[in-house]
Amino acid sequence: MAKKSYIVKSSQPATCWQHALPTGNGEIGALVYGNIRDDLVVLNHEDLWHRHPRPELPDISAHLPELRALLKEGKYKEAEGFLNGKLREAGYPERVVDPYQPAMDILLQVETKEAFTNYERCVDLTTGEVIVRWQDGKNSCERRLFVSRADNIVVMSIKGSERWNLTANMALVPHGARRQRVDGVDKFVPPDVPITFETSVESGQTPWPGKMILRGRYDNGDEFGAVARVVPHAGHVDKEGNMLQARRVDEVIVLLGMYVNEDPEAAIARITQQLVRTPTVYEYLLSRHVPLHRKLFLRARLDLAAPAADRAASNEELLARGYNGNVPTALIERLADWGRYLLICSSAPGGLPANLQGIWNGDYTPPWQSDFHNDENIQMNYWQALPGNLAETTLPYFDYYDRWLDDYRANARAIYGCRGILAPIAQSTHGLIHGGPWVNWTAGAGWLAQLYYDYYLYTGDRRFLAKRAVPFMREVVRFYEDFLIEDEQGRYMFSPSLSPENVPDAKDAGLVALNATMDVAVAKEVLKNLSDACELLGIEPEGVERWRAMVAKMPPYWKNSSSALKEWLWPNLYDRYEHRHMSHLYPVFPGYEITAESDPNMFQGCKAAVDKRRTVGLASQTGWSLAHMANVYARLGEGDRALECLELMTRSTVGPNLFTFHNDWRSQGLTLYWGPDRQPPFQIDANLGLTAAVLEMLLFSAPGWLKLLPALPAKWRKGRADNLRARGGIGVSLQWDMDQCTLRAELTSAQAQEITVKFPQPPATLTCDREDVTIAEAEQGAAYRRIALPARQKVVLTATWEEAK
């Protein structure tokens, strides 16, 4: 296989922040446009939100019986706005989510002498460096930038190959400021936002050849800002109006530290002291940062055997080749690596989880506030983390949702009169309920709980299970104990119920209905997981008995007239296939309640349901929904269909920097289309969901189960995936050659356990490198084996099979 490249490169600069090249350390993000003469670097801080007064949540729980009566009478449209109407009558606002904010820009002006040649901008995924290169006559110029994990600062170098031949102006300005030339001096006019800005530049004071400060103060008193130290190597730095000018230098170094929600005087003093102590040698600072970044990125590796020439191509070349349908494997491989990189850069322990745009944003009023959306998007952000061996990136997720437990308890009491927790559909700076019809959605906390239990299954961390997963799941289950009611047959009834974000095909239909399949699946999952966890820990035996009895009372799944899994388990609520969400497929993915082995009949029902979304509803899809669909097809063992979904993404919702957009900005019939006057926003969930889909195609796991290459597309004839993780605490590395009909699998289990392994084909031969490992036939069929894995010992399996006739 050709040598793997981890350079993502583009042949043109960005014309908007959504096309800029990103980097970050989890707390600070940077977007580099990459223009030669007038460049822009947009800076973000994960905790910069425009906070508004916290709303007072009224108690409307006494009205729940009225809502349930409307639903039982089939008055779904009236029911949709009922609870929100009661909230509005009590003065509660419909939208309560604060928006994520851009922080500031570094503005650069580089003097040019000749027409440029050999332009390139790129990101090294193994280092987190963004690099812009070009040739100016004989002078080879480059700008390099990274956000240090070691020092928590932005580090930038501007350099030329010819001595004393580089001149650059720079300023630290409000994001979106307009530059005006007044009396020969550049002035920067802030945008019309509720922020008061102060900027200053100084030069000529040791050890500060150049210093730039920006302070911002919101109308609510929240403050943020940055301090930058500018140091030339050779040459000198002077104040030039409102900018600094590094004149006739070999190289100029910029070190920048940021603060958010601190006293500005103390923060500026702290950052100033830090920058004075920081060496101004770019390569040295990079050497401190790279090992911390690289150990994360290279911990697991993917190689789909793409041709070397394709791996060397620019994003634009690969996207252009794929646009008409011939999507290069190198593009999918690059996007899978890109999604891993983006998660590492936007989610680090001690901070916030990745939001709708990761950590990057260039709008003061971003779409959906660039918030944390709890009905698909935040979950998709983290689907890759555990199988991709990035468990530490999930820690901000748990910290964030644990922080708002009191708000979730308040929601449950005030809206439904229940114990336990009720998570809103979307949130940012608090956890209080979101208005609108979404107040009727009750599955949010249960879906969030899935990652808590999965963290234990992948890592085997019993302390986490006892101290964090079980308490969170217990709160979810308390809500269900109070919320669920019984129908005439003694089955539980979910009333109200909402299937994000679809409306059934029914008379008087609205978003709010009864017995959404997703609600049932989520409740069953969290009840089972909590029961299993408590049994393992030897706690709450009475609770386990009660919760298992609740699972037995859940309504069964139904098929519709098309033999597809129904989205609502209630009479006269028919499926509407033209929709981007596929919430009702939760039992097959992201859950694993339904598998080919556990329920083959309903497994086929799930396949029929997603097929309808792909065919009937293709023009209703989005970038993230195609990523979700790819994960579903992977779970169904349909590798070519999964790859088709990813290829459709590349043709419709991927930009030149490989950021994914909500939907196609062209009306090509591959996704929904908003019209020529509304540009679809960048959303990171599809980027991260694509990486998850590739992992799902290569490895499925459940407690006691592994499926190796369960959904391998025909295109991926050779490849390898190293150091993946599986439920059960198993490390997995795979190498395959479908032309030679061989698979090599390395399994390392944290504990001794017996598992069922499914191979991609019934093995003709199966060898193991250890004599103490027992392998036996399995009852599920010729492709399955029962294997007893020892604790903490690598087991190497080599399988061959007969070539298909």
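Tutor: Let us begin with the naming of elements: helices (H or I, at least four residues) and strands (E, at least two) are DSSP runs, numbered from the N terminus. The model is predicted, so local features need pLDDT of at least 70 and side-chain atom pairs count only at pLDDT 80 or more, whereas totals for chains, interfaces and linings use all residues. Residues are numbered from 1 along each chain as its sequence is written, and side-chain values use heavy atoms, with hydrogens and water left out.

Student: How many cavities of 30 Å³ or more are there by this rule?

Tutor: On a 1 Å grid over the protein atoms alone, a cavity is a set of points where a 1.4 Å probe fits but cannot get out; a pocket is an open set with protein on both sides within 12 Å along at least five of seven lines; lining residues have an atom within 4 Å of a point. Points are joined across faces, edges and corners, and a volume is the space filled by probe spheres set on them. The count is 4 cavities of 30 Å³ or more.

Student: What lines the largest cavity?

Tutor: The largest cavity, of about 300 Å³, has 25 lining residues, and Trp383, Pro387, Tyr458, Glu696 and Arg727 lie nearest its centre. H9, H12, H17, helix H19 (685-698), E26 and strand E28 (718-726) each give two or more residues to this lining. Helix H12 provides the largest share, 5 residues. For composition, Ala, Val, Leu, Ile, Met, Phe, Trp, Tyr, Cys and Pro count as nonpolar, Asp, Glu, Lys and Arg as charged, and the others, Gly among them, as polar; the lining of the largest cavity has 15 nonpolar, 5 polar and 5 charged residues.

Student: Which residues lie nearest the centre of the second largest cavity?

Tutor: They are Ala300, Leu302, Asp337, Arg340 and Leu695, among 16 lining residues. The volume of the second largest cavity is about 150 Å³, and H19 supplies the largest share of its lining, 4 residues.

Student: Of the residues that line the largest pocket, which are closest to its centre?

Tutor: The largest pocket holds about 620 Å³ of space. It has 33 lining residues, with Gly637, Leu709, Pro710, Pro760 and Gln761 closest to its centre. Helix H17 (623-635), helix H18 (639-652) and strand E27 (705-708) are the elements that give two or more residues to this lining. The lining divides into 20 nonpolar, 4 polar and 9 charged residues.

Student: How many aromatic pairs does the structure hold?

Tutor: A pair of aromatic rings is described by the distance of the centres and the angle of the planes. Rings of Phe, Tyr and Trp (its six-membered ring) pair if their centres lie within 6.5 Å; planes under 30 degrees apart count as stacked, over 60 as edge-to-face and the rest as tilted. The structure holds 35 such pairs. One of them is edge-to-face and joins phenylalanine 197 to phenylalanine 224, at 6.3 Å centre to centre and 85° between the planes. Phenylalanine 197 is in strand E13 (residues 195-205) and phenylalanine 224 in strand E15 (residues 223-233), 27 residues apart. Tryptophan 383 and phenylalanine 589 form another edge-to-face pair, at 4.7 Å and 80°.

Student: Why does that pair tie together parts that are 206 residues apart in sequence?

Tutor: Because tryptophan 383 lies in the loop between H9 and H10, and phenylalanine 589 in the loop between H15 and helix H16 (600-615). Buried means under 20% relative accessible area, exposed over 50%, partly exposed in between (1.4 Å probe, protein chains only). Tryptophan 383, at 13% relative accessibility, therefore counts as buried, and phenylalanine 589 is buried at 3%.
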